[in-house]
Amino acid sequence: QVQLVESGGGLVQAGASLRLSCAASGRTFSNYAMAWFRQAPGKEREFVAAINWYHTAYVVDSVKGRFTISRDNAKNTVYLQMNSLKSEDTAVYYCAARLGPRVVGGEYDYWGQGTQVTVSS
């Protein structure tokens, strides 16, 4: 079992930056690919970015150039650096984990509770 706890969300103005953190515990962090998803009000949850133990990362085109995913394996933590935030980035952001190195497609097995990001225009 893997436990995931997100932090770092908040209310910011458009153009600002936020860094989300997700602390993992319970299993060997190095065996897991980690990802960020988000769900805006009235919309389905969507994939944002993922990274594996080897630091191979994938970020969706809609946020590429503004969002960066990274991980600190020594701290069992994955980060999502979000710059130049826009009102359409407003959502609950979820951290997720799955066993193995795959960073594109597929399902995730473990989920955090989410952290709210609100961007005012």
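Glu6 is buried (under 20% relative accessible area, with exposed meaning over 50% and partly exposed in between, for a 1.4 Å probe and protein chains only) and yet has no salt bridge. A salt bridge here is a side-chain nitrogen of Lys or Arg within 4 Å of a carboxyl oxygen of Asp or Glu. The nearest side chain of opposite charge belongs to Arg45, 8.5 Å away; Lys and Arg count as positive and Asp and Glu as negative, while His and the chain ends are not counted.

The model is a predicted one, in which local features need pLDDT of at least 70, side-chain atom pairs count only at pLDDT 80 or more, and totals for chains, interfaces and linings use all residues. Residues are numbered from 1 along each chain as its sequence is written, and side-chain values use heavy atoms, with hydrogens and water left out.

What does the side chain of Glu6 reach? Beyond its neighbours within four places in sequence, Glu6 is in contact (heavy atoms within 4.5 Å) with residues including Ser21, Cys22, Trp36, Tyr94 and Cys95. Gln113 and Gly114 are also among these contacts.

Glu6 lies in strand β1, residues 3–7. Strands (E, at least two residues) are DSSP runs, numbered from the N terminus. An open sheet is formed by four strands in the order β1-β3-β8-β7, with antiparallel pairing; two strands pair if DSSP finds at least two bridges between them. Because β1 and β7 stand at the edges with a single partner strand each, one side of each has no neighbour in the sheet. On average, neighbouring strands of this sheet are turned by 15° against each other, direction ignored, with axes taken as lines fitted to C-alpha atoms.

Inside that order, strand β3 (residues 18–25) runs antiparallel to β8 and is joined to β8 by six bridges. Leu18 stands opposite Met82 in β8.

Most residues other than glycine have a negative phi. His55, in the loop between β5 (46–51) and β6 (57–59), has a positive phi near 70°. Asn76, in the loop between β7 (67–72) and β8 (77–82), also has a positive phi, near 55°.

Technical notes:
Axes are lines fitted to C-alpha atoms, for helices over the stretch in contact, and angles run from 0 to 180 degrees between N-to-C directions.
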